[in-house]
Structure formats: C-alpha cells, structure tokens
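These are my notebook entries on one structure, written up in the order in which I looked things up.

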Amino acid sequence: MSSSERMPPAYPTNALDRGLRLIQLVRDEGRVRVTDAAEELGVAASSAHRLLQTLVYRDFLVQDETHAYVPGPAMSAGAARIAWSRGLRRTAAPHMSRLGELVGNSTNLAIRVGSEVRVLASATVPGSTYDWRGSVLPAHRTASGKAMLSLLPDPDLEGMYLAEGVDTAVPVAEFDRLMDGIGWVRRTGWSVSKGECERTVTAIGIPIRSRSGAPLGAMTITTHGPSSLVGPGLDRTVRYMRQACARIEAEIEGDLEAPVPGEAVAATA
C-alpha cells in the first residue's frame, strides 16, 4: 500500500484510536504500565486505566504478577475462517435468548480453534455474567471446550495436551482432570466448568450437531457462583438446554457442516 492510500480517517474516534495505539504499544514493547500508557497517549492516568481495562475485558491484554499489562490471548488469535459460523450464530440467536429467559442466566455461543474457544455470541440477562463475545479462552478449562473435546479420540487429546514441544501442553495432573471432565460429558451428554476459567464463573455446556451428526457447536449457560446450575434446579436447566439445542439442530441449514476434525469446531464458552 502506498503512503497516499494510507490516510488518517476524516472523522477519527479518539477512544478507539487510543485503544488501538495501546495494543500496538504492548505488541511492540511486550508490557506497559498505566503511567507509561498515560504518557504515550497524553491523557490522565485515570483515562489510560479505563482504556487498558477495556482491552483486558476483551482479552487483548492481561495483567501479570507485577500488575503490568501484557499481551492477552486475543492479541495473537488468527482468523478462524469458518464460513458457516455466521449461519450457526443466526440460527442459535433466538434460542439463546429464550433459554436465558427461562433459566435466568446468560447463554453463549463460540467456536473452537485448536485448543482455544472463541465466543461468537452472548445473550445476557440482568444480574448474570457479562457479555463474553470476542473472548478467547483455553478449551480445556471451559464447559464449551470440554463438550467439544469430548468428541475427539483420546489419542488426539493426548497429542494436543501431552506431546513434548507443543505450545498447548499441560501438566499431567491437569490433563487427568480434563479427562475426568470429558468422561463425564461422554456419560451424561453435558459438561461443567466451575471456576476453572474464571474463579467466580460456573458454566454448563451441551453439544450441537449438524444434520449429518457431525459436531458443530454447543450451547452453554454461565452464572456467577454455582446457583441453580449445580443445585436443585440442575435437571430443569439441562432439560431446557437440551430442548434449545434440539431446536437449533432442527433449523440448521443443510449445507452447514463442520470442518475436518482437529481444525476449527464450533462450541460455546
């Protein structure tokens, strides 16, 4: 692209431009503190802090043990390139909203790309968890990830999480816990995550399949604390989730098919 084509926008959005500048700063320098960000942007420390926290909220940044801001999972996530994900999201949307109203908790829809889960859509309800859209999360610590990973053969899981030299490798004890969770999904048809991805969040997930039976996605419900998800209302919650997933599967278009196993697979966080 020539310099004549690269022009500043005629009507820049200052907050957006500053946020993008912070992403570039952390990308290039590796870490940044609030005072550094404020100096770089020429704004008050309070303004810089709000921008940084927004980027944390959207997974572009995380804070390390020294409270400095460093690259988050969304910083390095490449394009998923799943053409059918838009159709899945469109089909699931009304059922997610209805399910959230029935159980009083937020619902989420995402895709799995390798060992990560990316949230495509959220239907939030007042007092429940926040909007997870755009989040990039480790699949083995989420209800959605477990739901989808349970559909893979054990050797594939071992290769993903135990093989030497892979970036996704986890300690043996953590892999054993993952396999316990996957065993639960295979027996019951639904997954659970309690404080594994975020300390106060509990989630339940149920897979969604295409008309041919291929794994296509999963519906999850999330809440702060156990609430009815793991209490007396569990049977009711799972029943409503199964009904919602069945309706989504019935409405999925015939050409909406999952990719080759091991590549991007739809799921929820």
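I began with the word contact, which I take to mean heavy atoms within 4.5 Å. Among contacts in the protein chain between residues at least 6 apart in sequence, I found that 59% join residues at least 24 apart.

Before going on, I noted that the model is predicted, that local features need pLDDT of at least 70, that side-chain atom pairs count only at pLDDT 80 or more, and that totals for chains, interfaces and linings use all residues. Residues are numbered from 1 along each chain as its sequence is written, and side-chain values use heavy atoms, with hydrogens and water left out.

**Entry: the chain as a whole**

I looked up the secondary structure, in which helices (H or I, at least four residues) and strands (E, at least two) are DSSP runs numbered from the N terminus, and the protein chain came to 9 helices and 9 strands. I then looked up burial, where buried means under 20% relative accessible area, exposed means over 50%, and partly exposed lies in between (1.4 Å probe, protein chains only). Of the 269 residues in the protein chain, 45% are buried.

**Entry: salt bridges**

Side chains of opposite charge can pair when their charged atoms come close. I counted a salt bridge where a side-chain nitrogen of Lys or Arg lies within 4 Å of a carboxyl oxygen of Asp or Glu, and a search of the whole structure gave 6 of them.

One of these joins Glu-40 to Arg-21, with 2.8 Å from N to O. The two residues are 19 apart and link distant parts of the chain, since Glu-40 belongs to helix 2 (residues 34–41) and Arg-21 to helix 1 (residues 14–29). Glu-40 counts as partly exposed because its relative accessibility is 38%, and Arg-21, at 29%, also counts as partly exposed.

In another, the closest N and O atoms of Arg-98 and Glu-101 are 3.7 Å apart. Why are Arg-98 and Glu-101 separated by about one helical turn? The reason I wrote down is that they are 3 residues apart in helix 5 (residues 85–103). Arg-98 is partly exposed at 48% relative accessibility, whereas Glu-101 is exposed, with a relative accessible area of 57%.

I also looked up Arg-186 and Asp-154, whose side chains meet in a salt bridge at 2.9 Å, N to O. This pair again links distant parts of the chain, 32 residues apart, with Arg-186 in helix 8 (residues 172–188) and Asp-154 in helix 7 (residues 154–161). Arg-186 is partly exposed at 41%, and Asp-154 is partly exposed at 31%.

**Entry: cysteines**

How many disulfides does the structure hold? Taking a disulfide as a pair of cysteine sulfur atoms within 2.5 Å, I noted 0.

Strand 5 gives the most, with 3 residues.
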